[in-house]
Amino acid sequence: MSLGLNAQAQSDTFTPSEQGFKIWLNDFKKQALQKGISQSTLDQAFKDIELNDRVLESDKKQPEFTQTFFEYFNRAVSDSRIEKGLKKYAEQKPLLDEVTKKYGVPGRFLVAFWGMETNYGSYTGNIPIIESLATLAYDPRRSEFFTTQLISALTILDKGHVSLKQMKGSWAGAMGQCQFMPSNYLQYAVDGDGDGKINLWDSLPDVFYSAANFLQQLGWQKEENWGREVALPKNFDYALADNKTSRSLSDWQKLGITLADGRVLPDEDMQARLLLVSDYQGPAFLVYDNFRVIKRWNNADKYAVAVGHLADRIVERPPLTKQQPKNDKGLSLAQIKEIQTLLNNLGYDVGTPDGIVGNKTRKALREFQVQQKLPADGFASLRMLDVLKEKTKQLSMR
């Protein structure tokens, strides 16, 4: 049996139980010893541990609604978070400058990640890490990944970086003020204050040095920004906004793109990709390589834009020029399936409706929008659902 995988069941037939968890745990402890974890750490870490049903529920819970960009962004980059970020940036400037000099990551980005992950250290999670990771490793669904994280967490305890009592975090095992998973903690965390330990809960030098080292190792380009908001010309080909096609700023300029405030784009060879995070009514961005680095921390466009823009606001750069439309509201999974069904019925193939807006759904939507002489942004929205319903109704009355 491979480490962390219980041969009793596959994920689709798995039924968790306290008895099954105890059996799995006994087997895991033997293998952890073989991995070099001390007996004393195992005895301490697993004393009185129980299967955490709330963790299992959190792991398997699927969102019933998808958030729009603005629904997410307005909470992530709120006025209070910007205000607090300005204050924290000023307070920690000497330390941040020291870290930037070593790793090349500007302090405003380190503060932005700090704000996004734990609201500047005010909430790091209160679930015992060993219990949450053991629970998730016991479940066959993602057992291999969480078993690796559990071994890493035990290694951190073995090295004496933090106490078991202090080792609390998110239900998925993210820890400290920068919310590192245990494996990233071991690979990238840095003893910034020189006390011989790495404490991502209490030591801001450890937090900032670790975050900067992580970003540098992921490929951060110290001479580049993350991106910038831009304005698109009328009748723009929205198919170019795929966040994949890389062109020079000069080439984007020739296509009529300007900075959001109307100024001309720099006539430079620097490469950028065009990103829409909403439909054509929302903001557009030209993003650089560091945007991809941000997404390696959290692989979501909304998150990466929020980090980048929060970093901008922390140094008092202007807000976005586009504001949330009045009719901006997320779709339920049922509504996404309805959009997919309507597209199929109208002859635009999206495959089996599954409630996930992937490339095939976006392509079909774009084809429909072109046919209807609408801005072909390929975005599923309540507005497009209404348009599809109306088109279906018109055809049924013929």
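View 1. Leu276 has Ala284 of strand 7 as its bridge partner, where strands (E, at least two residues) and helices (H or I, at least four) are DSSP runs numbered from the N terminus. The model is a predicted one, in which local features need pLDDT of at least 70 and side-chain atom pairs count only at pLDDT 80 or more, whereas totals for chains, interfaces and linings use all residues. Residues are numbered from 1 along each chain as its sequence is written, and side-chain values use heavy atoms, with hydrogens and water left out. Strand 6 and strand 7 (residues 284–287) are paired in the antiparallel sense over four bridges, two strands being taken to pair if DSSP finds at least two bridges between them. Because five of the six residues of strand 6 (residues 271–276) are buried, this strand is largely enclosed by the rest of the structure; buried means under 20% relative accessible area, exposed over 50%, and partly exposed in between, with a 1.4 Å probe and protein chains only.

View 2. Five strands form an open sheet in the order 4-6-7-3-5, with antiparallel pairing. Strand 4 and strand 5 (258–259) stand at the edges, each with a single partner strand, so one side of each is left without a neighbour in the sheet. Strand 4 (residues 246–248) pairs with strand 6 in the antiparallel sense over three bridges, and Ser248 has Gln271 of strand 6 as its bridge partner. Strand 3 (residues 227–231) runs antiparallel to strand 7 and is joined to it by four bridges; here the partner of Gly227 is Val287, and that of Glu229 is Phe285. Strand 3 also pairs with strand 5 in the antiparallel sense, over two bridges, and the bridge partner of Val230 in strand 5 is Leu259.

**View 3. Helix 9 and its packing.** Helix 9 (residues 143–159) has 17 residues and reaches 24 Å from its first C-alpha to its last, close to the 24 Å expected at 1.5 Å a residue, the expected span being 1.5 Å times one less than the number of residues. The helix is mostly covered, with twelve of its 17 residues buried, among them Phe146, Leu150, Ile151, Leu154 and Leu157. The buried residues of helix 9 pack against helix 1 (18–34), helix 2 (39–45), helix 8 (129–138) and helix 10 (182–188), contact meaning heavy atoms within 4.5 Å. Just after helix 9, Gly160 takes a positive phi of about 80 degrees.

View 4. The structure holds one cavity of 30 Å³ or more, a cavity being a set of points on a 1 Å grid over the protein atoms alone where a 1.4 Å probe fits but cannot get out, with lining residues having an atom within 4 Å of a point. The largest cavity has a volume of about 40 Å³, and its lining includes Leu110, Phe113, Trp114, Glu117 and Trp297. Helix 7 (107–118) and helix 11 (204–218) each supply at least two residues of this lining, and helix 7 gives the most, with four residues. By class, the lining has eight nonpolar, one polar and one charged residues.

Terms used: On a 1 Å grid over the protein atoms alone, a cavity is a set of points where a 1.4 Å probe fits but cannot get out, and a pocket is an open set with protein on both sides within 12 Å along at least five of seven lines; lining residues have an atom within 4 Å of a point. Grid points are joined across faces, edges and corners, and a volume is the space filled by probe spheres set on the points. Ala, Val, Leu, Ile, Met, Phe, Trp, Tyr, Cys and Pro count as nonpolar, Asp, Glu, Lys and Arg as charged, and the others, Gly among them, as polar.
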